[in-house]
Amino acid sequence: MEMTAALLKKAQQRAQELGLPYTGALLPTEAIQILQKNQSAQLVDVRSQAEWDWVGRIPGAIEIELRMYPGMQLNPHFLDELTRQLDQTKPTFFICRSGVRSNQAASMASEAGFNECYNILEGFEGNKDDSGHRGNISGWKAAQLPWVQS
């Protein structure tokens, strides 16, 4: 538990330094360490259905679209689904493709009363490499963390 507490503290300091409106910001490798040690932590994947189907899924993640494919309009039921499926008192980690939508989701959840919201920086696929491809230099996939593809 000491390692988990240290990682959470680091994430909280990072969020303060970046001026984020939620509890903390984690790197993918930090997030997986906490998720494996802290059974109460909840992982929410806010990518679109198309991304889950075509790019890959994180086993055990709760999937709630923040923006819906193909138009990427805001899911009007996002907060309702989040509140129905998760415990607002437990640490909640948000991930998307690159960290942008999950930043928005963590902000919205914090504002809606979730106690501990964390954004997973770099997201599932991370930044683009020199060839314009994601998933190779940063993010959940590049760190070789658990994921599956159908």
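A crossing of two helices is right-handed if the near helix is turned clockwise from the far one by less than a right angle. That is how α4 passes α5 in this predicted model, while α1 and α2 cross in the left-handed sense.

**Strand β2 and its neighbours**
- On one side, β2 (residues 42–45) pairs with β6 (residues 92–95) in parallel fashion, using four bridges.
- Within that pairing, Gln42 has Thr92 as its bridge partner, and Leu43 stands opposite Phe93.
- β2 also runs parallel to β3 (residues 62–63), joined to it by two bridges; here Val44 is partnered with Ile62.
- Side chains in a regular strand alternate between the two faces of the sheet.
- In β2, Gln42 and Val44 lie on one side and Leu43 and Asp45 on the other.
- Both faces of β2 are covered, with all of those four residues buried.

**Helices α4 and α5**
- Two packed helices are described by the angle between their axes and the distance between the axes.
- For α4 (residues 78–85) and α5 (residues 100–111), the axes come within 11 Å and cross at roughly 70°.
- Angles of 65 to 115 degrees count as roughly perpendicular, so α4 and α5 are roughly perpendicular to each other.
- From α4, Phe78, Leu79 and Leu82 meet Ala105, Met108 and Ala109 of α5.
- By class, that contact has six nonpolar residues, no polar and no charged.

**Helices α1 and α2**
- The axes of α1 (residues 2–18) and α2 (residues 28–37) come within 10 Å, crossing at roughly 140°.
- An angle has to be over 145 to count as roughly antiparallel, so α1 and α2 are oblique to each other.
- On the α1 side the contact involves Met3, Thr4, Leu7, Leu8, Lys10 and Arg14, which meet Glu30, Gln33, Ile34 and Lys37 in α2.

Key:
Residues are numbered from 1 along each chain as its sequence is written. This is a predicted model: local features need pLDDT of at least 70, side-chain atom pairs count only at pLDDT 80 or more; totals for chains, interfaces and linings use all residues. Side-chain values use heavy atoms; hydrogens and water are left out. Axes are lines fitted to C-alpha atoms, for helices over the stretch in contact, and angles run from 0 to 180 degrees between N-to-C directions. Angles under 35 degrees count as roughly parallel, over 145 as roughly antiparallel, 65 to 115 as roughly perpendicular and the rest as oblique. Contact means heavy atoms within 4.5 Å. Buried means under 20% relative accessible area, exposed over 50%, partly exposed in between (1.4 Å probe, protein chains only). Two strands pair if DSSP finds at least two bridges between them. Ala, Val, Leu, Ile, Met, Phe, Trp, Tyr, Cys and Pro count as nonpolar, Asp, Glu, Lys and Arg as charged, and the others, Gly among them, as polar.
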